[in-house]
Amino acid sequence: MTAAGIHSTPRGTAPAEAAYPPAVAALRLAWLHAVSRRVPAALGLLAALGVLLWVALHYHWNIAGGPAARMFIPLTIEAAAAAVVAVGMYGPFGELEHATGRWLPWLRLTAAVALTAAAFGALAAGATGGNLPGGSVALLRNIAGITGLGLLAAVVLGGMLAWAGPLAYLLVTEVALAGSPTTPWVWPARPPHDLGGALCAAGVFAAGAVLIAVRGPRESRHD
Amino acid sequence: MNVELTELTRKFGRTRAVAGVTLEAGPGVFGLLGPNGAGKTSLLRMMATVLPPTSGTMRLLGRDPGAYGPRREIRRRLGYLPQTLGYYPGFTVAEFVEYFALLKDMPPRQVPRAVAAAIEEVGLGDRARAKLRTLSGGMLRRAGIAQAIVNEPELLLLDEPTAGLDPEQRVAFRALLRDFGQRATVMVSTHLVEDVGAACAEVALMDGGRIVFHGTPAELIARGEGSGAAGDAPLERGYSAALAAARSVAAA
Amino acid sequence: MTATTGTAVRPRPPRATGAAPMTAARLLRIELRRNAMPLILPLIAALFWFDSYRPSTATPPLYVLRTFWNMGQGHTIVDFGPFVAGVAAWMGSRDRRRDVGDLVAATARPRWAGQLATWAATAVWAVAAYLILVGALFAVYARQGVQGQPPWWWAAVGATAVIAFSAAGFAVGAWWPSRFAAPVAAFGAFLALMLSSQTGFSSFSGWALILPTNSNGNFQPDSGMLYPWLPDLPIARILFLGGLAAAALSLLGLLPGAGGPRLRQAAAVVTLAGVAAAGTSVVLARTARLGPHGIFIPALHDAANDGSISYTPVCGHAAGIPVCLNPAYQSYLAGVTAALAPVAEEVAGLPGAPVRATQVGAAYDPREGGAGQAMTITGSPPVLGMPVGALGLAGAFGWTSGEAAGQYRLLFVHAFTGAGHGPGTAAQRAVQAALLQDIGVPIATQPQLLSSVGLPSWARTGGPHGPPPATGPVYAAARRFAALPRAIQHAWLAAHLGALRSGHLTLGQLP
């Protein structure tokens, strides 16, 4: 059986893509992986959250409840950024991706770390000129820790519910802050340079990043 | 006539997916053949009233789908299986078919029996309570066919209905098409010429958004005789010959 | 085309006429069984226990206090709203995410009808879970012997808020079928609730009262015990939240392809009606005023709610005088009588000494920063009125039994000297200090007592740097008076109490 006469373009004359070097191939793979995860849209959302943080820090809020309450609007924006990172972890390909080579865990890890860094950058830019409680050190700690929780939620609950992890932590923190907590697991309540809080947040981020890299987000089996 | 299309056109940006199709069809099975990108899916989507035409006129089941009321009446009598079947993974087969039966405004008291009948018709009776996400590709396709036929449609539009079906199921499916063709207009878009040959009384060949052949399968076969066109079966050779002729006219 | 002969023709089923409710019910049943909301309910339940129930257990066993954190400050809404909004956004985007758009569009039912069925199932799960958890909360409270009437109206506000968040989230997802719709809806809802709890927190009137977690004057300290919970503000909030829900859902009916022209017109009307309802409720909130029994809104107020709840008091005795409280405060009766006994004994036999002490309704005044309220001695024979609901309770909110007793004694003496609703004249303050010393509160410690939280601001001394020392002419006069033998003190008081209470005595006229 031949296909002559049917194909409008004779076989073998399609223009071949020019070969590119391994470094470019790696970048291209990373880019395609990022696009499949809607990373450009995530970056746009993170930038918008940065703008929101700037507005929040420059607006004169009439807030009751002292420093704990003043921290809460910026903390909500930080947790929202963490949720955006977490939701950006799952892809549309399912087991098709799992049947590929060795690059997928590295791609996931790179995406998790890079998006977290982007979240920090966007919010740090938004905090410029404002009085962010705890400064950029606390910002980095909070984003890393809450993003770690989001990544863990993606592994356990699936990408579609990954935002529930940061939101639940935000709620728990709100309750804890009302009672002057001392545990380092409520790291937003700790001073910026507190070692215990930093270790806890870093540990959670590391656990989340490793698990998301190795296992990936749980496949959405429900709707 | 259940389907009356006059100079129907659909553009997507600068691309004319359907370029002036004129067609009439009454009860029976009508096959729509053509290469990828010929415009078959866009034509079917317009007949399914989910894509408005850019120009031209269309009457379906004696009504103009441009107005809301007639369009709703058409949809009550319509069965549609798109090329890409979306589904809710958590629904069972029965729930999926029932859901669309209800959306098609079937009398609710009729729905359970109609759903059971449609599921049996496509051979999924023993998987009625299975979740869609547990089904193979072919079974999913059959579930899609079941929702298309559950309301006993007068106009049945099927886009690649046999994709993923094994040969035995395709034979059964062709019998189903012929059965429906007794009283409804069935339009089948497919790449599989043998399906057209086995089930269709009429066939149209599309290329580049136009109909380049319209006739019976026998007439299409006749096109290929002696032409030296490619193909392992008479209908395939007729298909190739008709396409080649259309393209050489277009190029001239 | 010709049909082949000999094939049986299947009968065609009739059109559905007049069967819309049954169709809707069947659609709803499918959607209920396959909704994503149950996935998040275990997490919500855990947070409900942590955030709404656990903190409330540290409060006294009175519904008005137990439910102030979870109902009054809207923590039940905070536990549900953001998560419900997120999952509802996920459900709203389902059709477009799952490539079912064409299939649904090719059916006869308006797309809006299908969407409403999906939303309804989402809302039913969320509201049912809310009602079950709140019901369980009240059941646990009942087992724990919490006194008073549960705030049913505030539970209704919470349920309506859950509906509103599900509608808003669903609309976000339907308009924007992105993976980010759910987190944006969830965190947007959380931020809205945060701002809701902070906006207008120092104001008892104005539009901000309509916000679901605005806790100002949601109820007075004796709501559900001495007088009913006022439904005015809850009704206004239900109207507000219901209007928002209706507007959010009907906006979906305006989308292209949602349905025919009549349906879209109906959707426009419902949208306008929803906005009008929400706007009306804001206008009503602006007319709200803080009354003795809580926030009342004139247009919504039913005078029947101004009555008192009748009850049989529980009574004890303090130095021979009966002390009677609402039965909800029975567990505190012993402490109150013990607090009042030294003062009752000290002033026994003097003109104006109360023959009975009874609980009177308390009124929360936020300008006092949540502080207490004056006792009064009125009537003939004189009766001591104690606004127990506005006073500190031993073991509640960090109050020790000593601090609570000190507050009762101070306010009893303050009322006895006739200082009334003010700090009193210098002579009244001096006699007050002397009497307190007589019952065992040394003058040197009295500034600390007077600066403690829980007292009306006019009774308090002290500032940001702490209480002042017990010096000055008032305390000097008090020391002189307290140094007198008890019999001489009583004789002088018997002769001069009238002039003291009327404010006609000066410090120099004290012995």
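Analyst: Chain B contains nine helices and nine strands, where helices (H or I, at least four residues) and strands (E, at least two) are DSSP runs numbered from the N terminus. Its radius of gyration is 18 Å, close to the 18 Å that the globule rule gives for 252 residues, so chain B is as compact as a globular protein of that length; the radius is taken over C-alpha atoms, and the rule is 2.2 Å times the number of residues to the power 0.38. The model is predicted: local features need pLDDT of at least 70 and side-chain atom pairs count only at pLDDT 80 or more, while totals for chains, interfaces and linings use all residues. Residues are numbered from 1 along each chain as its sequence is written, and chains are lettered from A and ligands numbered from 1 in the order in which they are written.

Along the principal axes, the C-alpha atoms of chain B fill a box of roughly 60 × 40 × 35 Å. Of the 252 residues in chain B, 56% are buried; a residue is buried if 20 or more other C-beta atoms, placed from the backbone, lie within 10 Å of its own. Among the contacts in chain B with a separation of 6 or more, 63% join residues 24 or more positions apart, a contact being two residues whose C-beta atoms, placed from the backbone, lie within 7 Å.

Val203(B) has Gly215(B) in β9(B) as its bridge partner. Two residues lie between the strands of this hairpin, and Gly208(B) takes a positive phi near 60°.

Chain B also touches chain C. The contact takes 41 residues from chain B and 31 residues from chain C. On the side of chain B, α2 (68-76), β5 (78-81), α3 (93-103) and α4 (111-121) each supply at least two residues. The most comes from α3(B), with six residues. By class, this side of chain B has 20 nonpolar, nine polar and twelve charged residues; Ala, Val, Leu, Ile, Met, Phe, Trp, Tyr, Cys and Pro count as nonpolar, Asp, Glu, Lys and Arg as charged, and the others, Gly among them, as polar.

Technical notes. A residue is buried if 20 or more other C-beta atoms lie within 10 Å of its own, exposed if 12 or fewer, and partly exposed in between; C-beta atoms are placed from the backbone. Two strands pair if DSSP finds at least two bridges between them.
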